[in-house]
Amino acid sequence: MDSKTVGILGGGQLGRMLVEAAHRLNVKTVILDAAGSPAKQINALDEHIDGSFKDADSIAKLAKKCDVLTVEIEHVDVSALELVSKASSIPVYPLPETIRLIQDKYTQKEHLMDHGVAVVESVAVKENTAECLQEIGASLGYPFMLKARTMAYDGRGNYVVKSAEGIQEALTFLDNRSLYAEKWCPFTKELAVMVVRTVEGEVFAYPTVETIHQDNICHLVYAPARISDSLREKASLLAQNAVKSFPGCGIFGVEMFLLPNHELLVNEIAPRPHNSGHYTIDACVTNQFEAHIRAVTGLPMPKNFAKLSTTNTNAIMLNIIGDSNTHNGELAICRRALETPNASVYLYGKESKPKRKVGHVNIVGSSMEEAEAKLAYILGESASIPE
Ligand code: ATP
Ligand code: MG
Ligand code: MG
């Protein structure tokens, strides 16, 4: 399996877990990111490129060492990727055109609407002025969500406009960024599905999961989602249809809102492994990182490889977020997880900072109740370690 070298733009935790999966298959990986980044820390097989994944020269240097390029982040220089792909004739997956569409959250929405995928009603903000936002407020109603079109993550480009009085503050908060607005979505749950697409265009869906956010950052993932089988299936089909609209191959994370009337709307799509798919490392036949490596290198993806390991597998993923009060305070959670049977701790080699994702814990049980009891101990909410 060692014939192809995969170049990865971005060396954060997703890159790190891609490296782990690739190495098990003797697939070599070369990383483009700052020196010492999490993916480089565990990969001494090759000389990596120290630089930015937004820099054309660095991307060209990476391409020289690789047979295929991929990304662990969508905020890359797409034009440079296109040039490199033409000049070197090595494939880039996901396709640069897909990354371009997705990295602007508003063009992503337009694309999905054009392909009949249900999304939250959205409008482009033509000018960052109070008048323009007042018009939008009058048409979408309050509250509405103002979002930066690009470079957004962990809710850092979002602002809830509660009333016309909040417009000035919203404009100050999002400064000079290119913006769009979304109707407020009174969801009952947030769902997500990882979907992997082969180079032939066949798609495989991982189970539908439920994500719980705190302060706009993913806090917990329940796999499978605690909803009816038919709703899980409906979410899975919506996610698969959304991913089928993007040519090229690789894994995609599809975030969705479940409304009180059981309607489902796509929130956004990530063209890469995704936080909501970390549970797959311990709970599925093949994890999301290996699925992506297999897809972009053309390795086999047999039927059922994206399924939960057994029919009664239940999992919870807990993100480890940098403690806001005590430096490294979050390690107390990891310590309790290490004491807990069937819990696995993943730390990313990142310096702890408040609100930064520094690791995650996967808890696997034969029922959700069992996984929940373990979670309660790990979070310090119950005193005794469940069996
Ligand atoms: P990510 O880290 O997932 O890339 P992001 O910065 O791109 O995050 P979004 O996914 O757009 O942000 O929004 C973050 C969270 O804010 C959502 O998971 C959801 O909880 C809430 N949210 C987003 N859009 C809406 C909306 N239109 N109505 C209500 N809540 C919303
Ligand atoms: Mg996002
Ligand atoms: Mg999101």
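Analyst: Two strands pair if DSSP finds at least two bridges between them. Strands (E, at least two residues) and helices (H or I, at least four) are DSSP runs, numbered from the N terminus. The structure is a predicted model, in which local features need pLDDT of at least 70 and side-chain atom pairs count only at pLDDT 80 or more, while totals for chains, interfaces and linings use all residues. Residues are numbered from 1 along each chain as its sequence is written, chains are lettered from A and ligands numbered from 1 in the order in which they are written, and side-chain values use heavy atoms, with hydrogens and water left out.

User: How do you know that strand E6 and strand E8 pair?

Analyst: Strand E6 (residues 144–148) and strand E8 (residues 179–183) share 5 bridges in the antiparallel sense. Pairing needs at least two bridges, so the two strands qualify. Within this pair, Ala148 is opposite Leu179 of E8, and Leu146 is opposite Ala181 of E8.

User: Why are strand E5 and strand E7 called edge strands?

Analyst: They belong to an open sheet of 4 strands, ordered E5-E8-E6-E7 with antiparallel pairing. Strand E5 (122–124) and strand E7 (158–161) each pair on one side only. Neighbouring strands of this sheet are turned by 25° against each other on average, direction ignored; axes are lines fitted to C-alpha atoms, for helices over the stretch in contact, and angles run from 0 to 180 degrees between N-to-C directions.

User: Which strands does helix H7 touch?

Analyst: Helix H7 (residues 130–140) packs on the sheet and touches E5, E6 and E8, where contact means heavy atoms within 4.5 Å. The direction of H7 makes about 135° with that of E6.

User: Why is E8 described as largely enclosed?

Analyst: 4 of the 5 residues of E8 are buried, so E8 is largely enclosed by the rest of the structure. Buried means under 20% relative accessible area, exposed over 50%, and partly exposed in between (1.4 Å probe, protein chains only).

User: How do you know which residue coordinates both magnesium ions?

Analyst: Donors are N, O and S atoms within 2.8 Å of the metal (3.2 Å for Na, K and Ca); water is not among the atoms, so sites may look incomplete. The magnesium ion (ligand 3) is coordinated by two OE atoms of Glu255 and an OE atom of Glu268, at 2.0 to 2.8 Å. The two ions are 3.8 Å apart, and Glu268 coordinates both. Glu255 in strand E13 (residues 250–258) and Glu268 in strand E14 (residues 264–270) are 13 residues apart. Both Glu255 and Glu268 are buried.

User: How do you know that Cys66 is in no disulfide?

Analyst: A disulfide is a pair of cysteine sulfur atoms within 2.5 Å, and the structure holds 0 disulfides. For Cys66, the nearest cysteine sulfur, that of Cys249, is 16 Å away. For Cys218, also in no disulfide, the nearest is that of Cys284, 15 Å away.

User: Why is Cys66 called buried?

Analyst: Cys66 has a relative accessible area of 7%, so it counts as buried. Cys218 is buried as well, at 8% relative accessibility.

User: What is the confidence of the model?

Analyst: The protein chain averages a pLDDT of 96, and 99% of the residues score at least 70; pLDDT is the predictor's confidence in each residue, from 0 to 100. The model scores ipTM 0.99 and pTM 0.97.
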